[in-house]
Amino acid sequence: MPDPLLRVRDLRTYFVTDQGGGTARAVDGVSFDLLPGETLGLVGESGCGKTVTSLSILRLIPEPPGHVRPGSVIEFEGRDLLTLPPRQLRAIRGNRIAMIFQEPMTSLNPVLTIGDQVAEAAIVHQRLTRAAARARAIDMLRQVGIPEPAERVDHYPHQLSGGMRQRVMIAMALICRPQILIADEPTTALDVTIQAQILELLRRLQQQLGMAVLLITHDLGVVAGSADRVVVMYAGQVVETAPTRALFASPGHPYTEGLMASIPRLDRPRERLHSIPGAVPAATAWPTGCRFHPRCPYAWDKCRTEAPPLLETGQSGQQARCWLVTEPARRAARVAS
């Protein structure tokens with residue numbers, strides 16, 4: 001196994017609310033590694049802490065109300081990003097670690113041309129002249145599949161379709177040829193055809209540039225076709241991690257199992273879609289014991305009182321935060337009944 005390019009250990013990002021609701025533990029002890037050249041899928045429903053995790057890596061959490069707790073570790077090539085001076089961090093952010101944000105229409109500046117926004121990172125980080133940065137921006141727009149890039153470079157965001165704006169966001173992120181790309185819901189609000197095009201574009205550019213990708217999504221279908229490994233989050237914690245094939249072949253955590261069952265099946269068109277009962281609890285009041293137990297069909301007394309650690313499932317590289325790993329007969333008995 002190569003050394004991790006990005007190493008996250010016991011990441012805790014909390015928000016102090018001003019409505020008297022207490023402290024929201026949005027990310028509460030998250031750990032994972034991102035290896036050179038791999039695609040790691042970070043999966044979970046809205047409110048589980050995926051985006052806060054990605055913003056914490058780049059230290060983009062607004063302080064106040066948010067803060068990354070002492071003891072958290074985020075290492076990039078052996079350097080802890082949480083302790084870097086601001087100047088050194090700026091040399092990494094947008095240059096060696098880049099991010100595609102959600103909602104490209106709100107992430108792009110409406111009063112600046114596409115070319116100015118794509119070229120900015122090359123000017124700031126690589127000290128290119130405006131002419132050289134413009135030429136690279138045109139080349140980058142061509143690489144991401146935007147037609148007539150020499151003309152589009154002078155257009156404004158409102159003149160582009162949603163799919164084109166997403167391609168512009170990818171061009172902005174990759175113009176400095178980063179080692180890590182964090183893609184936060186890169187296909188949200190796009191139709192299925194455009195989603196497939198964007199994912200194929202990311203795969204092609206990843207192979208060309210040799211970068212690692214942290215792919216954040218709520219869509220297991222996106223993960224199945226793109227990720228090498230998967231980290232499943234629920235209620236601010238990692239509840240399962242596994243190679244993609246192993247996860248889909250045998251999900252270890254009931255939450256992952258529920259997510260799988262909710263995917264429509266072409267071979268079973270008349271089958272009713274499964275839904276996980278209940279909702280993600282509030283981050284200010286996580287349940288005691290296993291945080292998934294109020295929604296879990298297998299829960300018993302131990303689940304309500306004792307919080308499980310990540311346990312080896314017996315599959316290569318697979319871990320699940322569930323007591324069923326130690327008592328598999330309970331799952332078998334329920335399935336049989």
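1. Let me start with the second largest pocket: 17 residues line it, and Phe 32, Asp 33, Arg 229, Thr 241 and Gln 319 lie nearest its centre. A pocket here is an open set of points on a 1 Å grid over the protein atoms alone, where a 1.4 Å probe fits, with protein on both sides within 12 Å along at least five of seven lines; a lining residue has an atom within 4 Å of a point. The space in the second largest pocket comes to about 340 Å³, a volume being the space filled by probe spheres set on the points, which are joined across faces, edges and corners.

2. Before going on, a word on the model. It is predicted, with local features needing pLDDT of at least 70 and side-chain atom pairs counting only at pLDDT 80 or more, while totals for chains, interfaces and linings use all residues. Numbering runs from 1 along each chain as its sequence is written, and side-chain values use heavy atoms, with hydrogens and water left out.

3. Back to that second largest pocket. β2 (23-34), β10 and β11 each give at least two residues to its lining, and β11 has the largest share, 4 residues. Helices (H or I, at least four residues) and strands (E, at least two) are DSSP runs, numbered from the N terminus. By class, the lining has 10 nonpolar, 4 polar and 3 charged residues; Ala, Val, Leu, Ile, Met, Phe, Trp, Tyr, Cys and Pro count as nonpolar, Asp, Glu, Lys and Arg as charged, and the others, Gly among them, as polar.

4. The largest pocket has a volume of about 490 Å³. Of its 19 lining residues, Gly 94, Met 99, Phe 101, Ala 121 and Met 172 are the closest to the centre. At least two lining residues come from each of β7, α4 (114-126) and α7 (162-174), with α4 supplying the largest share, 6 residues. The lining divides into 13 nonpolar, 4 polar and 2 charged residues.

5. Now the sheet. It is open, has 8 strands in the order β7-β8-β9-β3-β10-β11-β13-β12, and its pairing is mixed. β7 (97-100) and β12 (311-312) are the edge strands, each pairing on one side only. Two strands pair if DSSP finds at least two bridges between them.

6. Strand β8 (residues 180-184) deserves a look. It runs parallel to β9, joined by 5 bridges, and pairs with β7 in the parallel sense over 4 bridges.

7. Is β8 buried or exposed? Of its 5 residues, 5 are buried, meaning under 20% relative accessible area (1.4 Å probe, protein chains only). Both faces are covered, with Ile 180, Ile 182 and Asp 184 on one side and Leu 181 and Ala 183 on the other. In a regular strand the side chains alternate between the two faces of the sheet.

8. Helix α11 (residues 254-261) lies across β3 (39-43), β10 (229-234) and β11 (237-243), at about 105° to β10. Axes are lines fitted to C-alpha atoms, for helices over the stretch in contact, with angles from 0 to 180 degrees between N-to-C directions.

9. Finally, Met 211, in the loop between α8 (192-209) and β9 (212-217). Met 211 counts as buried because its relative accessibility is 0%. Leaving out residues up to four places away in sequence, Met 211 touches Gly 37, Leu 174, Pro 178, Gln 179, Leu 181, Leu 205 and Gln 206; contact means heavy atoms within 4.5 Å.

Note on methods
Buried means under 20% relative accessible area, exposed over 50%, partly exposed in between (1.4 Å probe, protein chains only).
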